[in-house]
Amino acid sequence: MKQDSEKRTALNRAKTYQLVLFPLNNGATNVYFVLILSYIAQFGSSILHLGIFASIMVTVMRVFDAITDPIIGAMMDRTDTKIGKFRPFMILGSVVMALSVIALYVLLPLVPETMMPLRYIGFTVIYFIWVLGYTFQTSVTRAGQTVLTNDPNQRPMFTIFNTVGSLAGMGIMQFLIPLVKAGYDVKDATGNIVVSGYANPVVYRIIVPIGIAISVFLTILAIIGIAAKDRPEFYGLGGHQEKVKLSEYMEIIKANKPMQRLMVAGAGCKLALAIATNTTVLLALYGIMMGNYNSLYLPTMVLGYVCAVPFFLLSMRTSQKQGQRASLIRYVFVALVSYVGVLVLLLISDHSNPNLMLAFPFSGGNAINLYTILFMVFFGIGYGAYYATADMPIPMVADCSDYETYRSGKYIPGIMGTMFSLVDKLVSSLAQTLVAVIFLLCAGLSDLPTDSTPYSFGIKVAVIVMFCVIPMLAWIATLLAMKGYSLTGSKMKEIQSVNAARKVAIEDGMTVEEAMEKYQTLDQVPDHLKI
């Protein structure tokens with residue numbers, strides 16, 4: 001029996017608890033983003049004694065992941081189980097990552113140094129398995145948004161809840177790990193660190209079970225959040241799912257111009273975040289250049305998070321009124337301008353002059369100076385703006401997926417999510433390799449520095465390049481990519497309205513081809529289906 005078409009609308013709205021809980025999936029995976037991508041090179045160098053091999057393997061594995069990502073995306077698009085399309089991948093990804101991290105950080109150091117080849121092999125194999133699990137779960141964050149909501153007023157809210165979820169995972173780990181590490185630093189009689197806590201395997205044995213527990217808890221909440229929406233009636237044009245051949249995917253990506261531009265923008269935002277928040281870069285900035293990592297790192301990170309709050313609210317309002325493209329452009333530009341000030345301050349910093357270094361009243365008893373105040377202003381605004389936009393491309397993936405349904409009638413959120421995830425991971429891995437290479441070229445360091453590494457001008461140059469220059473270039477690339485991005489706020493309303501009209505027509509007996517032919521522009525859509 002046909003439904004009354006007058007009672008059907010273009011909007012698929014999520015309940016508040018769904019909007020809040022499902023983005024916690026990103027928080028669950030970001031726990032491992034910190035555990036692996038922020039610390040794996042330091043662990044490989046300091047604990048396993050693999051040198052630069054660990055940093056290089058991050059990039060090598062992510063390049064190889066170019067093969068696995070589309071395959072997993074295609075698997076997701078073809079999956080239809082009793083527990084839905086997305087939840088199986090969340091569960092499998094969580095289990096695989098947990099086991100991989102235990103094997104890497106807890107079991108692999110037990111291999112004696114007399115069996116170094118086994119360490120190299122074990123590191124490579126375990127890391128590869130972890131990458132698969134990471135792909136399983138992260139791709140759901142992007143793909144699952146398509147069923148959660150298509151309301152232009154709700155979808156931008158995903159960025160805020162996604163960041164809250166990220167803080168619940170990434171933020172907790174970023175704050176907790178340095179505190180654990182500080183308890184295992186070895187200091188000399190004057191209080192200087194002679195052996196970093198990051199060189200003590202006990203630190204990793206402590207943080208791994210904590211990280212796994214947090215991630216599993218967040219995954220369970222995220223599953224609850226998407227459970228009611230992970231059903232065929234919310235997939236694309238309804239229960240209809242045309243199977244897409246693997247050979248067709250490349251043509252689809254070629255034709256989806258907005259997705260291409262979003263991948264560039266997402267790569268720019270991710271590279272800026274990955275480099276500027278890299279553990280080794282921050283160790284060099286606050287520990288070597290400024291002389292007190294333990295006292296400076298946490299206050300500056302708190303400052304950044306506090307400053308991000310108003311930018312999240314501003315970006316959400318901008319996205320709701322003008323579309324997500326306008327919001328991303330505006331606040332990436334704010335970050336770019338603010339970091340000009342940060343760049344100048346780091347250039348004039350002087351390791352021998354306390355007035356040109358960061359100082360807080362509680363960091364060694366030094367009074368706060370003008371340099372610190374200016375740094376807090378420029379860094380606070382810049383970090384707040386770019387942190388608020390770092391994950392903004394994620395809900396925009398759902399827009400590109402809806403555009404593909406509008407353009408071709410195909411519902412392929414899995415391949416859309418994994419193509420974007422591929423760029424995300426390639427850039428993240430490139431970031432770690434860049435860190436190692438830049439420290440080698442600028443400071444002549446074959447191993448990554450720790451806060452016990454002595455200051456040198458080369459380290460200052462390396463920090464400036466990675467903390468400021470590379471992120472600024474990444475933001476410029478983002479702005480250029482968004483210039484031609486066609487999915488504005490008004491265009492997305494048209495796309496959702498046309499897709500809704502087609503879905504109703506298919507429910508009422510039309511074929512997909514007939515519905516695609518009948519409804520192509522907004523003026524052809526019945527008024528009650530217009531957004």
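A nonpolar core is a set of buried Ala, Val, Leu, Ile, Met, Phe, Trp, Tyr and Cys residues joined through side-chain atoms within 4.5 Å. Buried means under 20% relative accessible area, exposed over 50%, and partly exposed in between, with a 1.4 Å probe and protein chains only.

The model on screen is predicted, with local features needing pLDDT of at least 70 and side-chain atom pairs counting only at pLDDT 80 or more, while totals for chains, interfaces and linings use all residues. Residues are numbered from 1 along each chain as its sequence is written, and side-chain values use heavy atoms, leaving out hydrogens and water.

**Stop 1: the core**

Select Tyr-105, Trp-130, Tyr-286, Tyr-339, Leu-346 and Phe-467; these have the most contacts inside the largest nonpolar core, which has 176 residues. Then select residues 457–483, helix H18, which gives the most to this core, with 14 residues. Helices (H or I, at least four residues) and strands (E, at least two) are DSSP runs, numbered from the N terminus.

Centre the view on Phe-467. Setting aside residues up to four places away in sequence, Phe-467 touches Ile-275, Ala-276, Val-281, Leu-282, Leu-285, Tyr-286, Tyr-339, Val-342, Leu-346, Phe-375 and Phe-379. A contact here means heavy atoms within 4.5 Å.

**Stop 2: the largest cavity**

On a 1 Å grid over the protein atoms alone, a cavity is a set of points where a 1.4 Å probe fits but cannot get out, and a pocket is an open set with protein on both sides within 12 Å along at least five of seven lines; lining residues have an atom within 4 Å of a point. Grid points are joined across faces, edges and corners, and a volume is the space filled by probe spheres set on the points.

Seven cavities of 30 Å³ or more are found in the whole structure, and the largest has a volume of about 110 Å³. Select Asn-26, Asn-30, Met-170, Lys-270 and Asp-391, which lie nearest its centre among 16 lining residues. At least two lining residues come from each of helices H2 (24–38), H6 (116–143), H8 (157–182), H11 (257–276) and H15 (370–390). The lining has six nonpolar, six polar and four charged residues; Ala, Val, Leu, Ile, Met, Phe, Trp, Tyr, Cys and Pro count as nonpolar, Asp, Glu, Lys and Arg as charged, and the others, Gly among them, as polar.

**Stop 3: Thr-389**

Stay with helix H15, where Thr-389 is placed. Thr-389 is buried, at a relative accessible area of 0%. A polar atom of its side chain lies 3.1 Å from the backbone oxygen of Tyr-386. Beyond its neighbours within four places in sequence, Thr-389 is in contact with Cys-269, Leu-328, Tyr-331 and Val-332.

**Stop 4: the second largest pocket**

Next select Asn-192, Ile-193, Gly-287, Gly-291 and Asp-451, which lie nearest the centre of the second largest pocket, lined by 16 residues. Helix H12 (279–289) and helix H13 (293–322) are the elements giving two or more residues to this lining. The pocket has a volume of about 330 Å³.

**Stop 5: Lys-229**

Move to the loop between helix H9 (201–226) and helix H10 (246–255), which holds Lys-229. Is Lys-229 buried or exposed? Lys-229 counts as buried because its relative accessibility is 6%. Its side chain makes a polar contact of 2.5 Å with the side chain of Asn-12 and reaches the backbone oxygen of Arg-13 at 2.8 Å. A polar contact is a pair of N or O atoms within 3.5 Å; within protein, one must be able to donate a hydrogen and the other to accept it, and residues adjacent in sequence count only if both atoms are side-chain atoms.
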